[in-house]
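Let's take a friendly walk through a protein model, looking at charged pairs, helix packing and a patch of surface. Have the sequence and the 3D view ready as you read.

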Amino acid sequence: MDDGYQMLDDDNYEDVTALFEQTSRDMQPGALLFDKDFSLHDAMAAFEIGEPRFDSGLALLDDSRPPFDPLAPLLPEEVCWMIDRALACEMAWHTGYTLSQTVFSFLYVHALPDIDPDTISISHHHDSDRTRPFGLVSVVLRASVLGLLKCCDLAWRELVKGNVYDSEDWQSEKCDVPMSETYPVSRILGILDEACIWVRNSSRVRSTWRTALSHRLVLRKTLVELFSALLSKDYFRLRPLIETARVMLQHIRASPPPSPRPCSPAPRAFDPQFPRILVSAIPLHPIQLPEQSKVWDTLAGLLDSLEQLSILIGIPDLSTWDVVGTLRIWQPQPNQSLAYVRSAFQSAIYENGIILHKYVQKHALDCFFMETLQIPYDSFISSSQTRWVGTDSFPLRHIERTITELLVGRVKSHWYNPPRRRRYCMKSLFDWHQLYAILTDVQKHLVPVQSGIDVVARLRSVVLMRRLETISDIILSGFQLSLYSVNERPLAYWYLARVLEQHLTCLDEIIEVLPNSNPLFEFQFRARYLTALQALSLALFAVTVKTMGSSWERLRLNFLRRYKWAFMPEYEDVDVPPVGHPNFLAFTTNCSAILQDKEFSPAEQAELAERLLTGSNTAPGRMAGPWTPDRMEFVSKMAGVCRDLRRLPKSMDELRTWDVDQLVWDPDVHPWFPFMRNSS
């Protein structure tokens, strides 16, 4: 084999080409040869260097770029522009890119020792150009970069707690680049204060740009304080800091700096190819940083989310947290799902055995009983232990632990990413069923109640209601994540309607024993809302049945795959059969029955749902707290979907000639239900 390759002049190298050619003749195409110390991983690693798909450093750096000079003097507007684009790097990291692709592509991050006023040469302190005082670099820009890195460090410490998942929600790799970890927050704030004083006293900077620079420095200082307060759980400090940040952001957006000229040194400070120089675990490609308007929108969304947290942390009712979290999932707001924000919410909900930063775990039990049955938890304990006649001890500790874990876990899951939340819900179903089975067994060993309310019986209804609610969440998340094929939608809508029927039965049992209270008004609202959801699900089940084109056997296999959580072998170890699990045979029977039902009208079901939802908005429950308008907005949006779907077939006979392709499913329009293609 002669391809012009020349051996290096070194006695340590030996040409083994002939040996490889000889041994390869005895191998079949596709065969692999291994040794105990040479695996497939080692073989593939041999291709990494020089292979563009693996070797991120293969492509040569762009030699046409002018060299970056950290000591180049800058105009005030250029410094403003760089501070803004550095914040674009920071927000891009928060949206899921790596630090090396974003923050570390800002070259001043790596040049901080070069611009330290205590180490640079004396000649740089004497400005030859009065319009470009060097303090803009050594004082103002340096302070801003240190503040940027400290914000990233504080955010990294929150993200690394484990509430969100590395490489799934965010990227943790630091590439051995320091991020002001050794600087205490107080020192960073002091440096930013010094920069503000320098700007305020600088006579060489025009007043317009002095104001612009001050706004940016105050914004960075406020963000450092905000992230520090979140990490230390000083939630009382959030509201004034958020207000200050918003005011600064408003001023900055109102007066953007001009884009630097082509000959300006400012653009050279951002090198998208620089990540290839850093040590990285994965190959990285250069990215395009977002436009500045989108950067400000992302920052505004982050501030809005933290304001929501600052309000929620003062509300002890876990039901309100549950409602707000559910609204966040079903009606996501732009720029309010950053991993950092979701981790901060989860830390506030539960960390180190403390709930909502101030309560012991018993608080979850108190909320569970008072916010559903209006019964103190201590009353449940005394009543149950008095009536207990079982031979074994009353399983109170097991009940307490399970309720606490499930309730806190459910609330926290609202701030998972949607696929992760769906998986959590699936896993929690067995625990809810096991708790239901324990309470069923407990009731058998209690003295019957002669008068009044059987608390354990009602508690069973609450637990079953929670389990059915979780099943509904799983079904609905499949629509929001666009998981269902055309053949799967009819089964999903039918199953949802079936689960909602059982859910409404549980609600009726709970409502009938509740006094006039917030839980009563909340459950009455949910009953109307779920009835509307059931009516709309039945209508769409009837309309989409005709879209199923696969055989029953293929549909059954899809059914077993999609709802595999219902067929876990662990259920066989529990004596009480699970309630609310899917039944394929019942589905096939209902498919035939609905097509023959001459009295069923999909359009009337949509009209019924619209009336119920419109009525629900007049009494939107009592558990949403300050987020009642958001709940009403969501219900109104669903009523609008029903209004559009009133043009569904008026009868099953009409369905035979009705074009189902008019229905379009788009989670961006509505997470669960379609709209009519030709609607105005």
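Asp84 and Arg216 join their side chains in a salt bridge, with 2.8 Å from N to O. The term salt bridge is used here for a side-chain nitrogen of Lys or Arg within 4 Å of a carboxyl oxygen of Asp or Glu. Asp84 sits in helix H3 (residues 76-94) and Arg216 in helix H6 (residues 207-231), so this pair ties together parts that are 132 residues apart in sequence. Helices here are DSSP runs (H or I, at least four residues), numbered from the N terminus. Asp84 and Arg216 are both buried; buried means under 20% relative accessible area, exposed over 50%, and partly exposed in between (1.4 Å probe, protein chains only).

A word on the model: it is predicted, so local features need pLDDT of at least 70 and side-chain atom pairs count only at pLDDT 80 or more, while totals for chains, interfaces and linings use all residues. Residues are numbered from 1 along each chain as its sequence is written, and side-chain values use heavy atoms, with hydrogens and water left out.

By the salt-bridge rule, the count comes to 39. Here are some of them:

| Pair | N to O distance |
|---|---|
| Asp84 and Arg216 | 2.8 Å |
| Arg561 and Glu488 | 3.5 Å |
| Glu553 and Arg556 | 3.0 Å |

Arg561 counts as partly exposed because its relative accessibility is 46%, whereas Glu488, at 8%, is buried.

Glu553 and Arg556 are both in helix H18, three residues apart, about one turn of the helix. Glu553 is partly exposed at 43% relative accessibility, and so is Arg556 at 32%. Elsewhere, salt bridges with shared partners connect Asp322, Arg410, Arg421, Arg466, Glu469 and Asp473 in one network.

Now for helix packing. Helix H15 (residues 455-480) packs against helix H16 (residues 489-511) at about 155°, with the axes 9 Å apart. Such axes are lines fitted to C-alpha atoms over the stretch in contact, and angles run from 0 to 180 degrees between N-to-C directions. That makes H15 roughly antiparallel to H16, a label for angles over 145 degrees.

Finally, Phe20 belongs to helix H1 (residues 17-24). With 57% relative accessibility, Phe20 counts as exposed.

Methods. Helices (H or I, at least four residues) and strands (E, at least two) are DSSP runs, numbered from the N terminus. Angles under 35 degrees count as roughly parallel, over 145 as roughly antiparallel, 65 to 115 as roughly perpendicular and the rest as oblique.
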